[in-house]
Amino acid sequence: MSVQTPISGLPTPSGTPGAPKLLEVRDIVTRFTTDRGSLTAVNGVSLSLERGRTLGVVGESGSGKSVLSRSIMGLLPRSNTERSGQVIFEGKEISGLNDSEYRELWGDEMAMIFQDPMTALNPVMKVGLQITESLRFHLNMSKSDAKDTAVALLKAVKIPEPEKRFSSYPHEMSGGMRQRVVIAVALACGPKLLFADEPTTALDVTVQAQILDLLAEQQRERYMGIILVTHDLGVVAGRADEIAVMYAGQIVEQAPTALLFSEMKMPYTEALMAAIPKLTDASHTRLAAIGGRPPDLVNPPKGCAFSPRCPYVQPRCHEESPTLTPSPTAPEHLFACFYPIGSPETEEVRLRIAAQRLMATAPEFVAAPAKTPTPAEQSPVPAPPEQTEGM
Amino acid sequence: MFILKKFGQLIVTVILVTLFASLLLELLPGDPTEVLIPSGSDQQREDLRQELKLDQSFAVRYSTWLGNFATGDMGNYYTVSSDRPVSDRLWQSLPVSLLLMFYAQMLALFFAIPFGVLTAYRKGTWFDRTSNTAAFAMLAIPNFALGFLLQYYLGVKLGWFKTGGYASPSESPIEHFQYMILPTITLAVGQIAIYMRLLRSDMIATLQQDFILMAKAKGLKSKRILFRHALRPSSLTLLTVAGLNIGTLIGGALIVEVVFALPGMGLMLFEAIGRRQIVAFQSMVAVIAILYILVNFAVDLLYTVLDPRIRNANKS
C-alpha cells in the first residue's frame, strides 16, 4: 500500500514506527481442483494494508475477489484447494497454520462480514448467543459478562432495543438489522483486520449507505484495517483509501482512490466505471454493460485476460499478458495494460467508436464519408462491444 | 384450535384405519366360528355367530365395535369356555412393544447421529466410505437372520444374554435388560443405516450454508460448529422419519417378537388375525393408530423446538 499521511484525528498505531504492517500478502495463488481441471481463482495477488485504513477490492462476479479474502483468512476448505504465496499478519507468516492455530486468529484478530445477512446467521440460534459464543470462546468471558458485552455491541451497531433483540431469532429481524447483527458478531472480539465481503449487496440502497457509514464509524473507533470487497465501484469510491481492481484472479489496477478515479489506466476499470448509472443521464438511458463474459479460469485465454472483451484491444494483447507495473508518473499507481487509457492507441479507437456511433445515430450531421481512410479499413479492429449482455 | 384440529385428525384416522383393517379381515374366506371354536356344537356356533353379529351386515358389526371402543370397551377374546377381555392382554403386551420400540430408537439414534454428522463432515474420505458401506451392509441383513445370529453367538455360545422370553422392568430390571438387549439390537441395526444416511445428506447441505462458514470465521471449534450450529437445522428429516417409524416398530416388530418370543403387540396382532378374533384385532389396530398419531403430534411439536421459524408459521 502506498505511503500516505494518516487522516488527522485517528489514534496513532499502537506499535512502534518501525512496526510491521498489519497485513502483507505476497504473490498469493489459489487453485481449485474441479472436474474439468485446475481452476486458478486467484493468480498472483500481492497487497498490503495498515491499521485504520481501507482497501477496496473491486471486480465483477467470478473475478476471484471473494476467494482472495477467504484465501488470506485461510477459510477455504483444505480439500480440493491448492494455495501458495505468503500471508504476513503483523509480521507473522500465517498461510501455513493449521486449523487450531487459525482458530486463535479467526474472530479474535481477523473477522469477516458476509454478503447475505439472510443466510449468514444461524436461523435456529438466538442472535445473542451467536454473539456471545465467540466472546466466551476467545475471551473466556463469563456468561453474564458476555451478555452485557453483546448487548453493548448490538447498541453500538445501532440496533434499537438491544436487550430485547438479544433474545430474538434472525428471522424476526429485517435484512438491514441482520446485517448489523453480522457486523456485531464480526466486531465482538475486537479484530484488527476486518474482511467485508460484499457487505451491502443484498440490501436496499438506503440501507447500504447506513451499513457503510456504520462500518466507517466502527473502523474509526476500533482502528481496524478493512478489506472491502465489492462489485460496485460506487460503494468503494467514498469509503476506501486505496482500490484494487481484480479481473480473472489478478489485480489489474491498483491506486489510491482519488488517483484511480481521476486517472484510470486500465480499460476494464473504465468499463466498470461506465457501468455505474449516472444521475445526470437522461431517463431510459441504456445501462452500459461490459460485453462478453469473464474468462474461463480453467483454460484462461492467451495474452491479457481482458483482451477478448477489451474495446481497445491490439494484436499484442492477444499474445502477451501484461504485468502489474507502476505508472511512470505516479509510482503508487499500478496497472497491467500495454495500451492504457490515454495512450495514442486507445485514443484512436475511442475516436473511431465515437465516430461510428455518430454515424449510426445521426448520419445527417456527418459530412460525407470519412475523408481520410481510417486504419479500420486495413487492420482488423473489433467492433465496439455489444451493449446488451449483462455484467 | 391447534389441539382441536389434531383431535379431529385423530378421530378420522382411527376410523379410516380400523375400517380398512376390518374390511381386509372380511376378505378372509370361511366361517370365523370354525376357527374360533373348532370343536363347538352347531348350537354353540349359532350363539357365537349371534353374539358377534356375524349374521348381520358388516356395517352393523363395525359400528357396534366403534361404539363400544369409544366408550372404552375393547371387546373380548371369544372361545367356547370363557371370554377374556382384550384390554387385559393389551395392557400386558403394549408396554413390551413400547419399550422395545423406545430402546431400538434410542440405540439407533445414539449411533446414527454422531456417524451421520461425522460422515457428512468428512465427506468423501475413507471414513465416510467405510461407514456408508457398513451401513448398507447392516441394512441388507434381514431382521430374522440377524436375530438368529445374535441369539446363537451372544446368547447361546457366549451366554451373555437371554435368547427368548420377557421380564418386566418393575419385576427385575436386570433380567429385563438381558431379555431386551438382543431384540433391541436386531431392530436397531437397520434403522441406524437409514437414520445415518438421512442425517448425512441433510448435514452436507447444511454445512455448505453461509452461517457455517461464518461460525468457522468466528474461530469456533469444529465440534461446536457441527453439533451446535449444523445438527439442529439438519435434523428435521431424521425426526420425521423416526416419528413415522415408531408406528412401524410398535405393531410391526412381529418377526423380532417371534424370534425372541417377546409377548408384544406384533405377536398379538398376528395371533388375532389367525384366530379370527375380529373384535380384538380392531381394538388393537385402533390403539396402535392412536399411539402413532400421538407420537407424530409430538414430532410436530418438536419441529417448532428445533426450528423457531416454524413456530412463527404456526402462530400466523
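Visitor: Which residues of chain B does UniProt list for "domain: ABC transmembrane type-1"?

Guide: The unreviewed UniProt entry lists residues 94-303 of chain B under that name. Keep in mind as we go that this is a predicted model. Across residues 94-303 of chain B the chain is 82% helix and 0% strand, and the end C-alpha atoms lie 27 Å apart.

Visitor: How should I read the transmembrane records, and which spans of chain B do they cover?

Guide: Take the record as an annotation, then look at the model over the listed span. For "transmembrane region", the unreviewed UniProt entry gives residues 7-25, 100-121, 133-156, 176-196, 236-260 and 280-306 of chain B. Let us take two of them. Residues 7-25 of chain B are 100% helix and 0% strand, with 27 Å between the end C-alpha atoms. Residues 100-121 of chain B are also 100% helix and 0% strand, and there the end C-alpha atoms are 32 Å apart.

Visitor: And how many helices and strands does chain B have?

Guide: Chain B has 15 helices and two strands. Its C-alpha trace spans about 85 × 60 × 35 Å along the principal axes, and 34% of its 316 residues count as buried. For contacts in chain B with a separation of 6 or more, 70% are between residues 24 or more positions apart.

Visitor: Into which domains is chain B divided?

Guide: There are two to look for: domain 1 (2-87) and domain 2 (89-315). Their C-alpha centres are 32 Å apart. To read the boundary, ask who touches whom: 22 residues of domain 1 of chain B are in contact with 18 residues of domain 2 of chain B. On the domain 1 side, the elements giving two or more residues are helix H1 (2-26), helix H2 (32-36), helix H4 (58-70), strand S1 (76-78) and helix H5 (86-121) of chain B. H1(B) supplies the largest share, 10 residues. By class, that side of domain 1 has 14 nonpolar residues, seven polar and one charged.

Visitor: What about the place where the two chains meet: how many residues of chain B are in contact with chain A?

Guide: As a general idea, the size of an interface is often given as the accessible area lost when the parts come together. Here we can count residues instead: 19 residues of chain B are in contact with 23 residues of chain A. On the chain B side, helix H9 (210-217), helix H10 (222-234) and helix H15 (308-315) each give two or more residues. H9(B) gives the largest share, six residues. The chain B side comprises eight nonpolar, four polar and seven charged residues.

Visitor: Which residues touch the most other members of the largest nonpolar core?

Guide: In this core of 162 residues, they are Ala184(A), Val245(A), Val252(A), Tyr195(B) and Met284(B). Helix H8 (residues 173-207) of chain B contributes the largest share, 15 residues. At least three residues come from each of domain 1 (2-87) and domain 2 (89-315) of chain B. For a closer look, select Val245(A): beyond its neighbours within four places in sequence, its contacts include Val58(A), Ile251(A), Met266(A) and Leu272(A).

Visitor: Finally, how do I read a sheet, and why is one side of strand S2 and of strand S5 in chain A left without a neighbour?

Guide: Follow the strand order across the sheet. In chain A, four strands form an open sheet in the order S2-S1-S4-S5, with antiparallel pairing. Strand S2 (37-49) and strand S5 (92-93) are at the edges with a single partner strand each, so each has one side without a neighbour in the sheet. Strand S4 (residues 81-89) of chain A is joined to S5(A) by two bridges, and Phe89(A) stands opposite Lys92(A) in S5(A).

Note on methods: Residues are numbered from 1 along each chain as its sequence is written. Chains are lettered from A and ligands numbered from 1 in the order in which they are written. This is a predicted model: local features need pLDDT of at least 70, side-chain atom pairs count only at pLDDT 80 or more; totals for chains, interfaces and linings use all residues. Two strands pair if DSSP finds at least two bridges between them. A residue is buried if 20 or more other C-beta atoms lie within 10 Å of its own, exposed if 12 or fewer, and partly exposed in between; C-beta atoms are placed from the backbone. Two residues are in contact if their C-beta atoms, placed from the backbone, lie within 7 Å. UniProt positions are given in the numbering used here, feature names are shortened, and annotations may be inferred rather than shown by experiment. Ala, Val, Leu, Ile, Met, Phe, Trp, Tyr, Cys and Pro count as nonpolar, Asp, Glu, Lys and Arg as charged, and the others, Gly among them, as polar. A nonpolar core is a set of buried Ala, Val, Leu, Ile, Met, Phe, Trp, Tyr and Cys residues joined through C-beta atoms within 7 Å. Domain bounds come from an automatic or database domain assignment.
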